[in-house]
Amino acid sequence: MTAHNFTLHHASLLVSDTEQSLRFYRDILGMPQTERPDLPFPGAWLQIGAQQIHLLELPNPDPISGRAAHGGRDRHVAMHVDSIDALRESLEQGGIEFTLSISGRKALFCRDRDGNALEFIERP
């Protein structure tokens, strides 16, 4: 079997309103917006280190309600951060609900306005 040396380039998330979603990802979380090609649907690309989050404004086939309250029990994107405490402060100031990891790690989970679950883990 050949080893392919995979690295993650980006994760795409469906959103219902790109501008509203940018208020969360860009303005509260502080992810810098990067250039996006002219595609036939609205969206935005955000840089997270060497990787990206792509917001795609397209109809979402998944329900927003009825999802697990804790994002760790749902499909999610996980990212490292320098400080969970600093991130908590940003989320609290932005009125964003979150749950702490039940594993004992310095990590937390939250959801964006479209129900996409995000995990943030403090770098060791």
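Glu 119 is buried: its relative accessible area is 6%, and the cut-off for calling a residue buried is under 20%. Please keep in mind that this is a predicted model.

Where does Glu 119 sit? It lies in strand β8, which covers residues 117-122. Its side chain makes a polar contact with the side chain of Arg 105, at 2.7 Å. Leaving out residues up to four places away in sequence, Glu 119 touches His 76, Val 77, Ala 78, Met 79, Arg 105, Ala 107, Leu 108 and Phe 109.

Now the nonpolar core. The largest one has 23 residues, and Leu 118 and Phe 120 are among those with the most contacts inside it, along with Tyr 25, Leu 29 and Leu 55. Strand β8 supplies at least two residues of this core, and so does each of β1, α1, β3, β4, β5, α2 and β7.

Next, the whole protein. There are two helices and eight strands, in the order β-α-β-β-β-β-α-β-β-β from the N terminus. Of contacts between residues at least 6 apart in sequence, 55% join residues at least 24 apart. Buried residues account for 36% of the 124.

Last, the overall dimensions. A compact globule of 124 residues would have a radius of gyration near 14 Å, and the protein has 15 Å, so the two agree. The C-alpha trace spans about 45 × 40 × 30 Å along its principal axes.

Conventions:
Residues numbered from 1 in each chain as written. Predicted model: local features only at pLDDT ≥ 70, side-chain atom pairs only at ≥ 80, totals over all residues. Heavy atoms only, no water. Helix = DSSP H or I, 4+ residues; strand = E, 2+ residues; numbered from the N terminus. Buried < 20%, exposed > 50% of the residue type's maximum accessible area, 1.4 Å probe, protein only. Polar contact = N/O pair within 3.5 Å; in protein donor to acceptor, adjacent residues only side chain to side chain. Contact = heavy atoms within 4.5 Å. Core = buried A, V, L, I, M, F, W, Y, C linked by side-chain atoms within 4.5 Å. Rg over C-alpha atoms; globule rule 2.2 N^0.38 Å.
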